Amino acid sequence: MHAELQLDNQICFRLYTASRLITQAYTPILSELGITYPQYLVLMVLWEKDNQPVNDIAHRLLLETNTVTPLLQRMEKIELVKRQKGKLDKRQHIVRLTKKGREMEEKAYALIPTGMGKQLSACPMQLEDYQHLAQELDSIISSLK
């Protein structure tokens with residue numbers, strides 16, 4: 001057997017597993033808010049800057065527009081966002097938070113940092129370790145996109 005093909009030697013498996021488990025840890029917290037993890041990601045983008053074209057949201061999340069559009073449609077049905085045609089380019093859709101979507105930020109702030117802190121409390125990493133990990137992951141992401 002080739003060592004390069006052993007599961008324990010794969011960084012991709014660790015990244016995949018960590019991503020899946022972190023998303024799983026978010027699930028009970030986000031269910032209290034009535035949203036999914038992908039919806040939470042969209043909300044974070046809009047909380048940073050509201051009234052964005054669908055293309056900009058997709059770009060920020062490193063997703064294709066055809067992945068983000070159905071997600072936004074579901075979010076519109078539960079009244080978190082509103083989509084409207086662009087004033088200059090009618091093909092473009094601008095997404096804005098509704099009142100409910102804006103209010104969700106405070107609810108998320110009250111639940112998520114504390115909830116995820118509890119989930120990760122058994123991990124011996126310090127804040128500096130998380131910051132370093134984020135930088136390393138950003139390097140990987142940048143290299144692959």
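On a 1 Å grid over the protein atoms alone, a pocket is an open set of points with protein on both sides within 12 Å along at least five of seven lines. Its lining residues have an atom within 4 Å of a point. Grid points are joined across faces, edges and corners, and a volume is the space filled by probe spheres (1.4 Å) set on the points.

This is a predicted model: local features need pLDDT of at least 70, side-chain atom pairs count only at pLDDT 80 or more, and totals for chains, interfaces and linings use all residues. Residues are numbered from 1 along each chain as its sequence is written, and side-chain values use heavy atoms, with hydrogens and water left out.

**Exercise 1. Describe the largest pocket and its lining.**

Step 1: take the volume. The largest pocket holds about 1,600 Å³ of space.
Step 2: find the lining. It comprises 36 residues; S19, I22, Y37, L137 and I141 lie nearest the pocket's centre.
Step 3: assign elements. Helices here are DSSP runs of H or I with at least four residues, strands are runs of E with at least two, and both are numbered from the N terminus. α1 (11–33), α2, α4 and α6 (127–144) each give two or more residues to the lining. α1 gives the most, with nine.
Step 4: sort by class. Ala, Val, Leu, Ile, Met, Phe, Trp, Tyr, Cys and Pro count as nonpolar, Asp, Glu, Lys and Arg as charged, and the others, Gly among them, as polar. The lining has 26 nonpolar, four polar and six charged residues.

**Exercise 2. Work out how α2 packs on α4.**

Step 1: get the geometry. Axes are lines fitted to C-alpha atoms, for helices over the stretch in contact, and angles run from 0 to 180 degrees between N-to-C directions. α2 (residues 37–48) and α4 (residues 65–77) pack at about 85°, with axes 10 Å apart.
Step 2: classify. Angles of 65 to 115 degrees count as roughly perpendicular, so α2 and α4 are roughly perpendicular to each other.
Step 3: list the contacts (heavy atoms within 4.5 Å). P38, Q39, V42 and L43 in α2 meet L71, L72, R74 and M75 in α4. These residues divide into six nonpolar, one polar and one charged.

Terms used: Angles under 35 degrees count as roughly parallel, over 145 as roughly antiparallel, 65 to 115 as roughly perpendicular and the rest as oblique.
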